[in-house]
Every structure is written in C-alpha cells, then in structure tokens.
Amino acid sequence: MRTFVAFLLLYLLFLVQASVTPWWPDLVLLGLIAVSLHETRITSALAGAFTGLCLDVTNPAFTGTSLFALAVTGYGVASLRTLFYRARWATLLFVLMALALKWAALALFGPGLPGLAPLLVSSALTVALAPLAELGLTRLLYPGWQPA
C-alpha cells in the first residue's frame with residue numbers, strides 16, 4: 001500500500017511540475033530521490049521509469065530520455081544508499097548527481113538544455129529544497145525511519 005501511495009504522490013508531483021515554468025525546482029526528481037532512499041532497487045527503478053515516462057509524454061519527440069535518466073537515478077540511489085547510512089547530507093549528493101545525469105541526458109539525447117538562467121535557477125532551487133523535501137516525504141510515507 002505504501003508503494004502505491006508513493007507512486008501516486010510521484011504522479012501528483014509530475015502534474016504540478018508539468019504545469020509550471022522551467023524556472024521551478026524539479027519536484028519529480030526530489031520525490032523520486034526521497035522514495036528511492038526507502039524502497040528496493042526494482043521499485044525505485046520502476047518509480048523512476050514511471051515518472052520519466054510521464055515527463056516524456058509532455059515532449060513526445062524525445063520519448064525515453066527522461067525515462068532513462070530517472071530510472072537510472074532511482075536504481076542508483078537505492079543501490080548507493082547503503083554507503084551513506086541515514087546521513088542527511090547524502091540527499092544533497094544524490095540530488096547533484098541526479099541533476100547532472102538528467103541535464104546530460106537532455107543535452108545528448110533530448111531536446112537540449114534550456115537557457116542558462118532557467119537551468120541555474122531550477123537547479124539551485126532543487127538543491128535548496130532537497131533536505132526539506134526529503135524530510136517531509138520521509139515523515140509522510142516512512143514515519144518509522146530516523147536519520148543518524
């Protein structure tokens with residue numbers, strides 16, 4: 001049931017992100033990282049593929065770019081989380097790595113990068129909101145988990 005609620009929450013974050021400008025933080029990426037910190041590798045990869053497919057539907061000419069980037073992000077975070085046992089700073093590291101992967105995938109296989117200003121503002125807001133998003137989603141979906 002918790003996995004279904006996590007997928008539903010990721011879909012709601014997609015709906016919000018799809019309706020805002022490129023200057024907003026990447027809400028789907030933040031939600032995926034928070035979910036991947038607590039789910040299995042397969043569930044995290046499926047959550048990333050699901051949200052990536054949802055994002056790709058908004059730009060059908062480049063279907064697969066976000067799907068690939070977010071599936072790899074979900075799997076990677078779920079795999080690497082054991083190296084950083086419940087450390088809060090690990091979320092920032094995962095967000096920075098995921099943003100780099102996402103922008104590289106969009107530049108190489110997708111429609112290209114947005115302008116420099118939206119890219120910097122969106123990335124800075126995403127990094128700034130990462131601890132708050134992780135804390136809120138952890139308390140909402142995984143209440144028994146406590147950081148070290």
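Q: Which residues of H5 are buried, and how should I read that word?
A: Buried means under 20% relative accessible area, exposed means over 50%, and partly exposed lies in between, with a 1.4 Å probe and protein chains only. In H5 the buried residues are Ala90, Thr91, Phe94, Val95, Ala98, Leu99, Lys102, Trp103, Ala105 and Leu106. Their cover includes H2, H4 and H6. This is a predicted model: local features need pLDDT of at least 70, side-chain atom pairs count only at pLDDT 80 or more, and totals for chains, interfaces and linings use all residues. Residues are numbered from 1 along each chain as its sequence is written, and side-chain values use heavy atoms, leaving out hydrogens and water.

Q: What span does H5 reach?
A: Helices are DSSP runs (H or I, at least four residues), numbered from the N terminus. The expected span is 1.5 Å times one less than the number of residues. H5 has 21 residues and reaches 30 Å from its first C-alpha to its last, close to the 30 Å expected.

Q: Which residues have the most contacts inside the largest nonpolar core?
A: A nonpolar core is a set of buried Ala, Val, Leu, Ile, Met, Phe, Trp, Tyr and Cys residues joined through side-chain atoms within 4.5 Å. The largest one has 33 residues, and Ile33 and Phe94 have the most contacts inside it. H2 gives the largest share, eight residues. Contact means heavy atoms within 4.5 Å; beyond its neighbours within four places in sequence, Ile33 touches Thr73, Val77, Thr91, Phe94, Val95 and Ala98.

Q: Is Ser44 buried or exposed?
A: Ser44, in helix H3, is buried, with a relative accessible area of 0%. Leaving aside neighbours within four places in sequence, Ser44 is in contact with Leu32, Ser36, Glu39, Gly74, Tyr75 and Ala78.

Q: And where is Leu8 found?
A: Leu8 sits in helix H1 (residues 2-18) and is partly exposed, at 43% relative accessible area.

Definitions and conventions: Helix = DSSP H or I, 4+ residues; strand = E, 2+ residues; numbered from the N terminus.
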